[in-house]
Amino acid sequence: MGTTRRGLVSQRSPRFRVFCAAKPEMVSKVMGIVKQQLALSDDATLTPESKFADLGADSLDTVEIVMALEEEFKITVEEDNAQNITSIQEAADLIDKLVGEEGKAA
Amino acid sequence: MQAHAIVRAPAHHHHLPPLSRHHCRPVSAAAVAPPPTQRRVTHSMPPEKAEVFRSLQGWATQSLLPLLKPVEDCWQPTDFLPDSSSEMFEHEARELRARAAGLPDELYVVLVGDMVTEEALPTYQTMINTLDGVRDETGASACPWAVWTRSWTAEENRHGDVLNKYLYLSGRVDMRMVEKTVQFLIGSGMDPRTENNPYLGFVYTSFQERATAVSHGNTARLAKAHGDDTLARACGTIAADEKRHETAYARIVEQLLRLDPDGAVLAVADMMRKRITMPAHLMRDGRDPGLFGHFAAVAQRLGVYTARDYADIVEFLVKRWKLEALEGGLSGEGRRARDYLCGLAPRMRRAAERAEDMAKKDEPRKIKFSWIFDREVVA
């Protein structure tokens with residue numbers, strides 16, 4: 001869990017992140033979890049950039065979103081990473097990274 | 001990891017740059033408020049609701065003031081300290097210092113933090129007097145609300161006094177640093193976001209009195225475990241005062257729930273959402289920028305006041321105020337607030353457990369405190 005075996009350090013500049021970021025299925029799964037946690041209706045429009053705080057999440061909601069993501073994807077999110085997850089895209093990217101590391105460690 | 005994972009801290013709070021190699025923050029119950037909202041809200045109680053408190057004046061006289069103890073029946077700090085007018089004084093002081101030598105540094109850190117908090121009493125009396133409808137309009141008002149506030153303040157005043165004198169005599173702490181911390185704290189004040197609103201204010205005090213009773217009860221237990229029965233009795237006596245005060249404030253909110261269930265349940269939910277800030281959240285000693293967080297971390301690790309305690313208090317108040325059964329007179333928003341509150345404690349407990357589990361994986365870190373001459377404790 002949370003192994004230090006990292007791939008190449010990303011040289012991508014921030015403005016490319018959106019295009020090279022996590023797969024749509026991952027983003028969609030994260031959106032589902034967020035909608036459930038925040039009791040949003042199924043047709044609520046979320047975008048990858050949607051910030052949890054803007055969707056009405058307080059810090060307890062954010063912890064619970066992280067816990068739900070951990071359970072769903074079988075990962076462990078370190079506290080300092082958890083603090084940095086403020087949007088759906090950021091969550092999806094982190095999960096991608098952690099799942100990728102799990103895969104390499106296996 | 002922080003149990004404040006339950007809550008985020010605003011920049012001016014203790015959530016400062018981490019010291020451990022994992023850059024993980026300590027768990028603690030210092031349930032600090034989420035990042036401050038942009039505008040400061042003031043006088044959020046609609047003026048016509050001040051009438052509720054006017055109408056409760058008779059009730060306050062009957063049901064609140066009797067919870068105060070007559071001064072003649074009250075304990076005083078002297079009851080727990082060497083008698084300075086006696087020729088036994090030096091002997092008693094030596095005995096106190098011998099007992100004090102057996103208490104660990106981390107317990108002193110918590111005792112000092114608690115003492116500093118109690119010594120900032122001017123801030124708390126001020127805070128209550130910011131509340132519309134119940135403030136002491138003259139400084140000697142005969143209105144039962146004002147009588148309550150002054151007498152409450154007077155009872156509380158002994159808490160800081162007894163702890164101050166005990167710590168001074170113990171020889172175990174750097175009193176000058178402690179005194180500076182007190183001066184800084186009184187100068188800083190506190191902002192519990194009660195918006196001059198007595199509904200919010202009395203929810204805050206209900207929670208806070210219980211929290212402080214838990215905390216002093218635990219320091220009493222630890223003092224006893226380390227062989228200082230006198231200190232244990234002093235802390236236990238302080239805790240008993242706090243419990244009695246908690247009873248009083250909870251009764252006020254109970255009345256508000258009876259008279260204005262919708263307004264009251266919305267107020268409880270609002271304060272829980274905003275989180276109950278610790279009174280000493282602006283604590284500083286001029287040395288450690290992370291002082292309050294460090295103090296809170298030690299309190300967490302010692303089990304004096306923890307994230308779980310916070311969840312337990314939420315649960316207690318929900319039961320005490322019978323929120324699960326609250327039905328009549330609720331708006332849609334009120335029902336949502338009630339449901340939020342009824343579900344809150346288990347969620348907080350889960351988050352606290354997670355934070356504690358993650359903290360266990362961290363290396364314990366050493367934190368030095370100016371209060372104990374820069375000696376270090378583990379947190």
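**Figure 1. The annotated binding site of chain B.** The UniProt annotation "binding site", from an unreviewed entry, covers Glu118(B), Glu156(B), His159(B) and Glu242(B). These residues are spread over 125 residues of sequence, yet they cluster in space, with a largest C-alpha distance of 11.4 Å. From this set, Glu118(B), Glu156(B) and Glu242(B) belong to the lining of the largest cavity. UniProt positions follow the numbering used here, feature names are shortened, and annotations may be inferred rather than shown by experiment. On a 1 Å grid over the protein atoms alone, a cavity is a set of points where a 1.4 Å probe fits but cannot get out; lining residues have an atom within 4 Å of a point.

This is a predicted model, in which local features need pLDDT of at least 70, side-chain atom pairs count only at pLDDT 80 or more, and totals for chains, interfaces and linings use all residues. Residues are numbered from 1 along each chain as its sequence is written, chains are lettered from A and ligands numbered from 1 in the order in which they are written, and side-chain values use heavy atoms, with hydrogens and water left out.

Figure 2. Glu118(B) sits in helix H4 (residues 105-119) of chain B. Helices (H or I, at least four residues) and strands (E, at least two) are DSSP runs, numbered from the N terminus. Glu118(B) counts as buried because its relative accessibility is 7%. Buried means under 20% relative accessible area, exposed over 50%, and partly exposed in between (1.4 Å probe, protein chains only). Beyond four places in sequence, Glu118(B) touches several residues, among them Glu156(B), His159(B), His216(B) and Glu242(B). A contact means heavy atoms within 4.5 Å. Glu156(B) lies in helix H6 (residues 144-170) of chain B. Glu156(B) is buried too, at 6% relative accessibility. Its contacts outside four places in sequence include Glu118(B), Glu209(B), Glu242(B) and His245(B).

Figure 3. Side chains of opposite charge can pair when their charged atoms come close. A salt bridge here is a side-chain nitrogen of Lys or Arg within 4 Å of a carboxyl oxygen of Asp or Glu. Asp61(A) and Arg347(B) form one, at 2.9 Å from N to O. Asp61(A) lies in helix H3 (residues 59-73) of chain A and Arg347(B) in helix H13 (residues 332-361) of chain B, so the pair joins two chains. Asp61(A) is buried, at 10% relative accessibility. Arg354(B) and Glu70(A) form a salt bridge with their closest N and O atoms 2.6 Å apart. This pair also crosses between chains, from helix H13 of chain B to helix H3 of chain A. Arg354(B) is buried at 9% relative accessibility, and Glu70(A) is buried at 14%.

**Figure 4. Salt bridges within chain B.** Asp191(B) and Arg40(B) meet in a salt bridge of 2.3 Å, N to O. The two residues are 151 residues apart: Asp191(B) is in the loop between helix H7 (175-188) and helix H8 (198-225), and Arg40(B) is in the segment before helix H1 (50-55). Asp191(B) is partly exposed, at 29% relative accessibility, whereas Arg40(B) is exposed, at 55%. Glu155(B), Arg158(B), Asp241(B) and Arg244(B) are linked in a salt-bridge network. Over all chains, the structure holds 31 salt bridges.

Figure 5. Strands S1 (residues 366-369) and S2 (residues 375-378) of chain B run antiparallel and are joined by four bridges. Two strands pair if DSSP finds at least two bridges between them. Phe369(B) has Arg375(B) as its bridge partner in S2(B). Five residues lie between the strands, and in this hairpin Phe373(B) takes a positive phi near 60 degrees.

Key: 1 Å grid on protein atoms, 1.4 Å probe; cavity = no way out; pocket = protein on both sides within 12 Å on 5 of 7 lines; lining within 4 Å.
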